Amino acid sequence: MTAASTTPSPTDDKYEIAHLRLVPKPHIGRMVAAAIVLVLLAGLVRAFSVGQIEWSYVRDFLFAPAILDGLTNTLLMTVAAMALGIVLGVLIAIMRISGNPVLSSIAIGYVWIFRGAPALLQLMLWFNLALIFPTLGIHGLIEFRTVDVMTPFVAAMLGLGISQGAYTSEVVRSGLLSVDSGQYEAAKTIGMTQMKMLRRIVLPQAMRVMVPPIGNEVIGMVKLTSLASVIQYSEILHNAQIIYFANTRVLELLIVASFWYLAVVSVLSVGQHYIERYFARGSKSIKASM
């Protein structure tokens with residue numbers, strides 16, 4: 001006698017689901033939020049379209065020589081200030097993690113002072129340095145008047161660059177600390193000097209950690225250069241202000257400046273994406289092999 005099969009028949013009710021229709025779960029909150037955002041965007045577009053904005057002025061001044069000169073000066077200041085900030089940041093970070101208590105204390109003090117003081121305050125201090133030091137140089141040998149040396153460009157570069165160095169040093173320090181200590185020990189074992197170890201072993205690995213925040217700081221520096229308009233540096237916002245002081249088209253010139261800031265930031269964001277992808281190649285290959 002054979003036992004009856006306990007396997008359910010395909011004709012059982014619980015198997016007859018082919019006729020059922022899959023209904024997606026409704027996301028009421030998501031749809032309401034999207035509708036609210038669309039309504040707000042539509043209201044914003046309408047406000048700009050019916051507002052007292054002469055778009056012909058925006059078109060006429062978008063490529064005006066004064067605006068393009070200001071854009072060039074903005075890019076120049078961004079490059080100069082970030083270059084100074086990165087150099088100082090790497091130096092301060094190395095001093096911070098060194099075993100020398102004097103160098104480490106100096107690095108901590110630098111970060112404390114220049115990260116604590118507002119960037120605008122530092123710009124104004126450098127620009128008015130002549131009130132403290134009327135001349136610069138070696139007394140009796142070579143001297144320069146401070147007002148001749150501390151031009152708006154130099155003052156803005158020092159103020160923004162030195163302030164940026166304090167932030168960049170923390171980014172670099174976090175990148176250096178992210179490298180496994182065994183890498184340091186292995187480099188020392190094969191007789192590498194401290195500088196060669198940093199250049200050939202540590203920094204290439206730390207770049208994967210450092211590139212994203214430093215890229216964000218470069219983008220932030222583009223916007224921080226607008227602070228230099230206070231000390232009469234001819235960047236894009238300063239030149240836009242000069243124009244709207246003359247023709248009273250304030251909002252139109254601010255829109256022009258905003259357009260160029262957004263354009264520069266967009267280009268830098270794309271560049272940052274490709275640089276991050278370049279330095280992340282090793283980590284991606286490791287993850288793919290796991």
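1. The buried residues of helix H11 pack against helix H1 (28–50), helix H2 (55–61), helix H3 (65–97), H9 and helix H10 (236–247). Those buried residues are Glu-252, Leu-253, Ile-255, Val-256, Ala-257, Trp-260, Tyr-261, Val-264, Val-265 and Gln-272. Buried here means under 20% relative accessible area, with exposed over 50% and partly exposed in between (1.4 Å probe, protein chains only). Helices are DSSP runs (H or I, at least four residues), numbered from the N terminus.

2. This is a predicted model, in which local features need pLDDT of at least 70 and side-chain atom pairs count only at pLDDT 80 or more, while totals for chains, interfaces and linings use all residues. Residues are numbered from 1 along each chain as its sequence is written, and side-chain values use heavy atoms, with hydrogens and water left out.

3. The protein chain has an average pLDDT (the predictor's confidence in each residue, from 0 to 100) of 84, and 90% of the residues score at least 70. Mean confidence is highest in H3, at 92, and lowest in helix H12 (residues 281–289), at 51. Over residues 285–290 pLDDT stays under 50, and the model has 0 contacts beyond four places in sequence for them. A contact means heavy atoms within 4.5 Å.

4. The length of helix H11 (residues 250–279) agrees with expectation, because its 30 residues at 1.5 Å a residue should span 44 Å and its end C-alpha atoms are 43 Å apart. The expected span is 1.5 Å times one less than the number of residues.

5. Helix H8 (residues 181–189) and helix H9 (residues 194–224) have axes that come within 10 Å and cross at roughly 145°. Axes are lines fitted to C-alpha atoms, for helices over the stretch in contact, and angles run from 0 to 180 degrees between N-to-C directions. On the H8 side the contact is made by Gln-183, Tyr-184, Ala-187 and Lys-188, and on the H9 side by Gln-194, Met-197, Ile-201, Val-202 and Gln-205.

6. Leaving aside neighbours within four places in sequence, Ser-163 is in contact with Phe-114, Ala-119, Gln-122 and Leu-158.

7. Val-171 is also found in helix H7 and is buried, at a relative accessible area of 10%. Beyond its neighbours within four places in sequence, Val-171 is in contact with Met-210, Pro-213, Ile-214 and Glu-217. Val-171 and Val-90 are 81 residues apart in sequence, and their C-alpha atoms are 9.0 Å apart in space.

Methods: Helix = DSSP H or I, 4+ residues; strand = E, 2+ residues; numbered from the N terminus.
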